[in-house]
Amino acid sequence: MDLGLKIPSLKNNKHLYDLNGQLQHKIKFIDFIPDQIKNIYVIGHSVGAKLILDLLKSSPKFNEKVAKCYVMVPTIEKIALSSNGKIFTKLTSLFFLARIILLLFNIIPLSFRKRLVKFFCRDIPEEFHDACLEYTKTEVIEKVFFMAVDEMEKITDYDEELIRNNLHRLKLYYGRTDGWVRKRYYYDIIEKFPEIDAELCNKNYDHAFVIKSGVECGAMVGEWIKKS
């Protein structure tokens, strides 16, 4: 059903698509949670981990209701220094070229575009191909790119006091081979906080684990919640 809703353009709404805009969106969502609901368990992936920490700092209601936060491959520090971050920052000046290519790509008939996506994304399960096709739309990718640049600039150091004050309700799961979160960040944080509940993956899950290992990771987090 078409509700006539339109996603705001980036041009005059950059405040909606940066990290702070994402944070404000989550705060407004949390405000809708009924007061009688308590002991919420929150799961965050990648930059979602950064947003969880920011919510603990910025939203009294979130702080009051959350019992446990599970953060998967937490992108909470020095993202620009990761291997993928370094590549991304070097290629930012070429985004205009990618935009031109995508504009030309979207002129092609949809059936042919689907075939190209199927070919280039053949290592990705087919149920994700429609989502991949969405990412070829310039109005989508420009928002993704804008937020990624903002993340590179703003995700530098985490708030040590905030983590220390919330050790009892944080569970961190780091990837062993992760292009966005360096493995040394795991060793650094357990050295800084010896009592922290942090784990290094021993199952070779990717940073984007939802693509190939979503069921396994979901079951793993489900067991953590049961134990809580």
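**Figure 1. Helices lining the largest pocket.** Helix H5 (83-91), helix H6 (95-105), helix H8 (129-134) and helix H9 (138-154) each contribute at least two residues to the lining of the largest pocket in this predicted model. Ten lining residues, the largest share, belong to H9. Helices (H or I, at least four residues) and strands (E, at least two) are DSSP runs, numbered from the N terminus. Residues are numbered from 1 along each chain as its sequence is written. Because the model is predicted, local features need pLDDT of at least 70, whereas totals for chains, interfaces and linings use all residues.

**Figure 2. Centre of the largest pocket.** The volume of the largest pocket is about 1,400 Å³. Among the 36 residues that line the largest pocket, Tyr 135, Val 140, Ile 141, Val 144 and Phe 145 are the closest to its centre. On a 1 Å grid over the protein atoms alone, a pocket is an open set of points where a 1.4 Å probe fits, with protein on both sides within 12 Å along at least five of seven lines; lining residues have an atom within 4 Å of a point. A volume is the space filled by probe spheres set on the points, which are joined across faces, edges and corners.

Figure 3. The lining of the largest pocket comprises 24 nonpolar, seven polar and five charged residues. Ala, Val, Leu, Ile, Met, Phe, Trp, Tyr, Cys and Pro count as nonpolar, Asp, Glu, Lys and Arg as charged, and the others, Gly among them, as polar.

**Figure 4. The protein chain.** Twelve helices and four strands form the secondary structure of the protein chain. Its C-alpha trace spans about 55 × 40 × 35 Å along the principal axes.

Notes:
This is a predicted model: local features need pLDDT of at least 70, side-chain atom pairs count only at pLDDT 80 or more; totals for chains, interfaces and linings use all residues. Side-chain values use heavy atoms; hydrogens and water are left out.
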